[in-house]
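Subject: Structure handover

Hello,

Please find the structure below, with the sequence. My notes on what was found in it follow.

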Amino acid sequence: MIDGKKVLFSGMQATGNLTLGNYLGALKNWVNLSDEYECFYSVVDLHSITVRQDPSELRQRARKLLALYIAAGLDPKKNCIYYQSHVSGHAELAWILNCFTYMGELNRMTQFKDKAAKHADNINAGLFTYPVLMAADILLYQADVVPVGKDQLQHLEITRDIAQRFNAIYGEVFTVPEPFVGKAGAKIMSLQDPAKKMSKSDENANASIYLMDDPDTVIRKFKRAVTDSEAQVKYCEEQPGIRNLIDIYCSCTDKTPEETEKEFDGKGYGEFKLAVGEAVVSVLKPLQERFEDLVKDKAYIDGIIKENADKANYYATKTLRKVQKKVGFPERVR
């Protein structure tokens with residue numbers, strides 16, 4: 001805990017363009033957590049290089065992502081918003097934790113299998129030990145809670161296993177994190193395949209709404225969204241495309257599915273899709289305007305980067321020094 005608050009850690013990779021799903025499913029809810037938790041929100045650029053990146057593009061995307069965190073409403077004075085690569089403790093702790101992680105545990109990670117299949121020409125050791133770096137991210141700040149979706153739950157489980165194993169040997173060094181059980185973010189699905197999540201890596205540009213999409217693009221993508229032949233706006237499992245559009249509409253308007261069904265009772269899909277698109281545009285417009293102002297203010301962003309890196313390093317070093325002492329590394333002479 002820090003100043004009487006439990007610690008929460010989360011982060012996003014600086015690859016691809018953030019989608020509406022990233023915003024409604026995570027970022028929007030992060031904003032409400034800083035009063036209850038001491039929050040560390042990282043731009044996880046170390047994780048990004050398990051796949052080959054263009055260096056210039058990675059730097060630009062990392063800076064834009066940090067600005068988007070702030071544009072979405074995260075106050076950098078109340079939340080520690082920082083680059084993972086600016087805190088060397090992440091990599092240092094990851095190496096130590098590698099020595100307390102078993103090959104069999106890493107072999108079971110489904111995400112490694114998925115990524116290895118997609119990047120068969122670059123199955124590197126970093127991709128294999130990715131969950132250990134993720135464990136270091138979390139344990140470095142003694143995080144009490146971590147917001148995770150179902151696809152990340154396996155990584156949190158191995159983090160807990162590593163922490164408990166280390167604690168069993170050396171005493172209570174790490175806080176064993178729990179999954180965040182607050183209000184769940186909306187799970188936004190692909191506009192072209194409602195059976196899978198909206199993804200920033202989807203090859204079909206019409207499947208995802210990106211946070212920087214202009215209004216015309218947003219409306220056009222919603223007009224092309226997959227629906228069905230039922231011709232009724234009904235929130236049910238049998239109509240996954242319409243269900244997804246209702247989820248998006250409700251997330252943007254604070255209406256309930258029942259209210260949405262009544263609002264569009266007897267109306268066609270064309271009218272409903274347009275309304276969903278307009279609701280999304282109204283949510284994205286202030287975020288986009290704030291983002292454009294932020295990226296122009298280089299001095300302000302640079303100040304945030306330095307100040308929050310210093311804060312993150314302070315707390316990371318406290319944990320790292322304790323761990324180094326426990327495993328027997330020589331003390332540093334000051």
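A compact globule of 334 residues would have a radius of gyration near 20 Å, and the protein chain has 21 Å, which agrees. The radius is taken over C-alpha atoms, and the globule rule is 2.2 Å times the number of residues to the power 0.38. The model is a predicted one, in which local features need pLDDT of at least 70 and side-chain atom pairs count only at pLDDT 80 or more, while totals for chains, interfaces and linings use all residues. Residues are numbered from 1 along each chain as its sequence is written, and side-chain values use heavy atoms, with hydrogens and water left out.

Overall shape and make-up

Along the principal axes, the C-alpha atoms of the protein chain fill a box of roughly 75 × 45 × 40 Å. The chain has 13 helices and 5 strands. These are DSSP runs numbered from the N terminus: helices are H or I with at least four residues, and strands are E with at least two. Of the 334 residues, 49% count as buried. Buried means under 20% relative accessible area, exposed means over 50%, and partly exposed is in between (1.4 Å probe, protein chains only). A contact means heavy atoms within 4.5 Å. Among the contacts with a separation of 6 or more, 74% are between residues 24 or more positions apart.

Helix H13 and what comes after

Helix H13 covers residues 298–327. Its 30 residues should span 44 Å at 1.5 Å a residue, and the end C-alpha atoms are 42 Å apart, which agrees. The expected span is 1.5 Å times one less than the number of residues. The buried residues of H13 include Ile301, Ile304, Ile305, Asn308, Ala312, Tyr315, Thr319 and Val323. An α-helix has 3.6 residues a turn, so residues three or four places apart point the same way.

Gly328 follows H13 and has a positive phi, near 105°. Arg332 sits in the segment after H13 and is partly exposed, at 46% relative accessible area. Leaving aside neighbours within four places in sequence, Arg332 is in contact with Glu92, Arg321 and Gln324. Arg332 and Arg321 are 11 residues apart along the chain, and their C-alpha atoms are separated by 9.4 Å.

Which residues does Ile96 contact, leaving aside its neighbours within four places in sequence? They are Phe166, Val323, Gln324, Val327 and Phe329. Ile96 lies in helix H4 (residues 89–98) and counts as buried, at 6% relative accessibility.

Ala231 is in the loop between helix H9 (215–223) and helix H10 (240–253). Asp254 is in the loop between H10 and helix H11 (257–263). Are they buried or exposed? Ala231 is exposed, with a relative accessible area of 56%, and Asp254 is exposed as well, with 66%. The C-alpha atoms of Asp254 and Ile96 are separated by 46 Å, and the two residues are 158 residues apart along the chain.

Thr260 lies in helix H11 and is buried, with a relative accessible area of 0%. Not counting residues up to four places away in sequence, Thr260 touches Ile246, Tyr249, Cys250, Lys255 and Phe272.

Helix H3 (residues 55–71) gives the largest share of the lining, 6 residues. By class, the lining has 8 nonpolar, 5 polar and 4 charged residues. Ala, Val, Leu, Ile, Met, Phe, Trp, Tyr, Cys and Pro count as nonpolar, Asp, Glu, Lys and Arg as charged, and the others, Gly among them, as polar.

Ser56 also lies in helix H3 and counts as partly exposed, at 34% relative accessibility.

Regards
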